[in-house]
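Please read the points below with the sequence and the model at hand.

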Amino acid sequence: MTSLETVSEVRSHGGVQGVYRHASAATSTDMVFSVFVPERDEPMPVLWYLSGLTCTHANVTEKGEYRAACAEAGIILVAPDTSPRGPDVPDDPEGLWDFGQGAGFYLDSTVAPWDRHFHMRLYCLEELPALVGAHFPVDMARQGITGHSMGGHGALTFALTSPGRFRSVSAFAPIVAPCQVPWGRKAFRHYLGDDPAAWRAHDTVALIEDGARIDELLVDIGTADPFLDKELKPELLEAACTDAGIALTLNRREGYDHSYYFISTFMADHVRWHAERLTQ
């Protein structure tokens, strides 16, 4: 098992908030992630948090305001990075922020040059859980997953394509139909090639249309989100869940935007919702 380098550890809410680095076989780069471990004597459920475009582990770790709720519920929260990084890792050829480093889209690329490093699905679903399970007091039989924007896309697609793995699934402002919006089409074309049929396995709405199922979803979205109509399109998720019989709680939060001011306001609600399903 790969060893961990401790970047930092600090006391918080009775537990320990840590940041760690390791050499990843999945991405062929060093990867950094954060873990909050409450002060408990027994193995605890784990809630995976997947971040959005341009983010690292640090955004939610520093702004997410989850620790008090996780400490109270006895839930470990793990936040990976959003992509491989480094001088040898390719980036957006146009120098833009919505693709390349910081924008791995939680899939495994099949197209050069991205296919050398961009294996975020393999990293998040296999390599990182094995590492976390070996080094932290996690009960892997009780896993939940959540995320923001691109990370909400990752959380939903991971759950839909990993039946029975996650007891609870939620998202903040997720990209629910990347095949139909500019962010997703740009990323999928570069990472997966030009055939839209290959994209459907990484699209929440398409997966549900094609028969993938989970029991229930919690989604929060802000009515003042500037990306609401062009990139997020929650109405498509609402329609797909209705047709599929998936219990969707879709909270439209009046006046909230896409930022961590929005996420931090409702993060404790999500942690408690996951706790009801993970700690029974």
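1. The structure under discussion is a predicted model.

2. A cis peptide bond. The bond that joins Ala-112 to Pro-113 is cis, with omega at about 0°. Pro-113 belongs to the loop between β5 (76–80) and α3 (120–135).

3. Positive phi at Glu-65. Glu-65 is not a glycine, yet its phi is positive, at about 55°. The residue is found in the loop between α1 (57–63) and α2 (67–73). Its relative accessible area is 55%, and Glu-65 is therefore exposed, the cut-off being over 50%.

4. Positive phi at Lys-233. Lys-233, also a residue other than glycine, has a positive phi near 50°. This lysine is found in the loop between α7 (228–232) and α8 (234–244). With a relative accessibility of 21%, Lys-233 counts as partly exposed.

5. The largest pocket. The largest pocket holds about 260 Å³ of space. Its lining consists of 17 residues, and those closest to the centre are Cys-55, His-148, His-258, Ser-259 and Tyr-260. Two or more lining residues come from each of α1 and α9 (260–278). Helix α9 provides the largest share, three residues. By class, the lining has seven nonpolar, eight polar and two charged residues.

6. The second largest pocket. About 220 Å³ of space lies in the second largest pocket. There are 14 lining residues, and Phe-166, Arg-167, Ile-214, Asp-215 and Glu-216 lie nearest the centre. Six of the lining residues are charged, five are nonpolar and three are polar.

7. The pair of Trp-97 and Trp-183. The whole structure contains 17 aromatic pairs. One of them is formed by Trp-97 and Trp-183, an edge-to-face pair at 5.8 Å centre to centre with 80° between the planes. It links distant parts of the chain, since Trp-97 is in the loop between β5 and α3 while Trp-183 is in helix α5 (residues 182–192), 86 residues apart.

8. Because Phe-172 lies in strand β7 (residues 168–172) and Phe-262 in helix α9, the pair ties together parts that are 90 residues apart in sequence. Phe-172 is buried, at 0% relative accessibility, and Phe-262 is buried with a relative accessible area of 0%.

9. Further ring contacts. Phe-99, Trp-114, Phe-118 and Tyr-191 are linked into a cluster by ring pairs.

10. The salt bridge of Glu-5 and Arg-21. The structure has 14 salt bridges. Among them is the one in which the side chains of Glu-5 and Arg-21 meet, at 3.0 Å from N to O. Glu-5 lies in strand β1 (residues 5–12) and Arg-21 in strand β2 (residues 15–24), so the bridge ties together parts that are 16 residues apart in sequence. Glu-5 is partly exposed, with a relative accessible area of 42%, and Arg-21 is partly exposed at 28%.

11. The salt bridge of Lys-186 and Asp-92. Lys-186 and Asp-92 form a salt bridge whose closest N and O atoms are 2.7 Å apart. This pair links distant parts of the chain: Lys-186 is in helix α5 and Asp-92 in the loop between β5 and α3, 94 residues apart. Lys-186 counts as buried at 13% relative accessibility, and Asp-92 is buried with a relative accessible area of 7%. Asp-92, Asp-98 and Lys-186 are linked in a network of salt bridges.

12. The salt bridge of Asp-220 and Arg-253. In the salt bridge between Asp-220 and Arg-253, the closest N and O atoms are 2.8 Å apart. The pair links distant parts of the chain, with Asp-220 in strand β8 (residues 216–222) and Arg-253 in strand β9 (residues 247–253), 33 residues apart. Asp-220 is buried, at 0% relative accessible area, whereas Arg-253 counts as partly exposed at 22% relative accessibility.

Technical notes. Residues numbered from 1 in each chain as written. Predicted model: local features only at pLDDT ≥ 70, side-chain atom pairs only at ≥ 80, totals over all residues. Heavy atoms only, no water. Helix = DSSP H or I, 4+ residues; strand = E, 2+ residues; numbered from the N terminus. Buried < 20%, exposed > 50% of the residue type's maximum accessible area, 1.4 Å probe, protein only. 1 Å grid on protein atoms, 1.4 Å probe; cavity = no way out; pocket = protein on both sides within 12 Å on 5 of 7 lines; lining within 4 Å. Points joined across faces, edges and corners; volume = space filled by probe spheres on them. Nonpolar A, V, L, I, M, F, W, Y, C, P; charged D, E, K, R; others polar. Phe/Tyr/Trp six-rings, centres within 6.5 Å; stacked < 30°, edge-to-face > 60°. Salt bridge = Lys/Arg side-chain N within 4 Å of Asp/Glu carboxyl O.
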